[in-house]
Each structure stands twice: as structure tokens, then as C-alpha cells.
Amino acid sequence: MSDADTLAVYAARAEAYSAIHHGRVAQDRLAAFIARLPAGGTALDLGCGPGWAAAGMAAAGLCVSALDACPEMAAAARARYGIKVEVAGFADLQAEAAFDGIWAHFSLLHAPRAALPAHLAAIARALRPGGVFAVAMKQGDGEARDRLGRFYTYVTPKGFRAELERAGLTVEAEETEPGTGFDGSPFASLYLLARRAG
């Protein structure tokens with residue numbers, strides 16, 4: 001994520017965002033993701049935000065790396081959970097065959113549509129053969145800003161599945177769920193679990 005306005009929103013609201021309670025659906029998704037990884041495996045929380053998922057992975061015994069493009073959000077994650085967070089964006093992911101799992105829960109949706117193919121290809125490269133990718137997006141068409149000024153790329157289930165497949169990732173599970181954004185707007189989520197060929 002490199003959009004200055006989006007980063008500014010998260011910088012200004014990092015503490016409030018870190019205090020959000022992540023509900024049962026998100027917790028269940030995280031547990032299912034962790035269960036697909038080998039015991040003691042490696043995981044990346046890509047766009048970790050307030051760090052709740054990275055903390056959950058670490059508590060489950062995984063070796064966790066966490067990245068977020070917003071320094072204030074990274075600081076909030078460190079303060080709340082004591083986890084190590086690198087300040088970096090999606091384009092900074094250069095690892096190859098390094099992770100058993102990558103988690104991008106409502107983070108990759110801040111990337112421009114034109115950048116998604118390159119980001120997904122980098123994610124596929126960073127996974128080990130057989131590695132798992134968990135991603136949550138918001139459903140819709142086009143690109144837009146929300147009431148707070150954050151930039152979003154919206155996707156359709158069919159279109160985004162095709163994007164993952166072009167990157168070399170095979171979709172294994174799909175969920176949709178209604179939700180309410182941090183700005184108070186309702187949305188329909190799309191959550192996919194995909195795997196790199198092993």
C-alpha cells in the first residue's frame with residue numbers, strides 16, 4: 001500500500017483501530033488458516049494492521065513475520081502484542097519459498113487494481129510449495145474511497161479467483177459474509193483460501 005491518504009487515515013486512527021474487537025468469523029478464519037500449516041511452521045501477516053492475527057499465529061507456535069506500511073499501526077501492534085513488525089508495503093515482499101502460509105486479511109484491498117497481479121505473483125513466490133494463502137477482500141466493482149478517505153479496490157468472486165489462479169494459486173475454500181467497515185459502511189466480504197502447487 002502506497003496511497004498517502006490511506007496511510008494518513010491509519011496513522012491518525014491507529015490506536016482506535018487497534019482496539020477493535022475482531023469477531024468470531026475472523027477468529028474462526030484465523031484458526032482454520034493456522035490448522036492448515038505445519039506445526040512450528042513459518043507465516044507472514046501481510047498488512048498486519050493492529051497485529052491481532054500475527055499475535056494469534058505466534059501463540060499457536062508459528063514463526064511469524066509481520067509487515068505493515070503504516071509506522072503508527074506497526075507501533076500500535078508492537079505496543080499491544082509485543083510482536084516484531086517491519087514497516088514495509090506489498091511491493092517490498094521479495095522473499096522466495098520462505099513461508100508455509102501468508103495471511104492478508106483486509107489489507108491487499110488497499111492496493112490499486114493494476115498492482116494486484118504483481119503482488120499476487122510475489123505472494124505465490126514467497127510461499128513454499130504447498131503453502132497456503134488466506135485473503136479477505138471487499139466485493140464490488142472498480143476502485144473508490146470510503147467515507148474516511150481510504151482507497152479500495154473491489155473484486156468479484158469469479159474475477160478474483162481468476163487472478164489467484166493466474167498467479168499460480170489454487171483456490172480451496174471460499175466464504176462470503178456481510179460486514180460493517182471502520183467507517184460505518186456495510187459491505188460484503190470475500191474470503192479465500194488458496195494453495196501454491198506443491
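Biologist: Let's start in the middle of things. Leaving aside neighbours within four places in sequence, which residues is I123 in contact with?

Modeller: I123 touches L46, L93, I102, L108 and F133. Keep in mind that this is a predicted model.

Biologist: And how do I read a nonpolar core from there? Which residues have the most contacts inside the largest one?

Modeller: A core is a set of buried nonpolar residues joined through side-chain atoms within 4.5 Å. Here the largest has 37 residues, and those with the most contacts inside it are L46, I102, L108, I123, F133 and F160. At least two core residues come from each of α2, β1 (42-46), α5, β4 (99-105), α6, β5, α7 and β9. The largest share, 5 residues, is supplied by α6. Another core, of 16 residues, lies apart from it, with L30, I34, A43 and L193 among its members.

Biologist: How many bridges join β8 to β9?

Modeller: There are 11, and the two strands run antiparallel. You can find E175 standing opposite Y191 of β9. The hairpin of β8 and β9 has 5 residues between the strands, and G184 takes a positive phi there, near 90 degrees.

Biologist: On to helices. Which residues of α7 (residues 157-166) are buried, and why do they end up on the same side?

Modeller: For a helix, I'd check burial and direction together. P157, F160, E163 and L164 are the buried ones in α7. They cover an arc of only 125 degrees around the axis, which puts them on the same side of the helix. K158 and R166 are exposed on the other side. The buried residues pack against α6 (116-126), β5, β8 and β9. After α7 comes G168, with a positive phi near 95 degrees.

Biologist: Let me try α1 (residues 4-12). Which residues are buried there?

Modeller: T6, V9 and Y10. Their arc around the axis is only 95 degrees, which places them on the same side of α1. Exposed A4 and A12 sit on the face turned away from that buried side. The cover over the buried residues of α1 includes α2 (14-18), α5 (71-81), β6 (143-145) and β7 (151-153).

Biologist: Last one: which residues does UniProt list for the "domain: Methyltransferase"?

Modeller: The unreviewed UniProt entry gives residues 44-131 for it. In the model, the end C-alpha atoms of residues 44-131 lie 11 Å apart, and the span is 34% helix and 26% strand.

Definitions and conventions. Residues numbered from 1 in each chain as written. Predicted model: local features only at pLDDT ≥ 70, side-chain atom pairs only at ≥ 80, totals over all residues. Heavy atoms only, no water. UniProt positions renumbered as here; feature names shortened; annotations may be inferred. Helix = DSSP H or I, 4+ residues; strand = E, 2+ residues; numbered from the N terminus. Pairing = 2+ DSSP bridges. Buried < 20%, exposed > 50% of the residue type's maximum accessible area, 1.4 Å probe, protein only. Arc of directions from axis to C-beta. Contact = heavy atoms within 4.5 Å.
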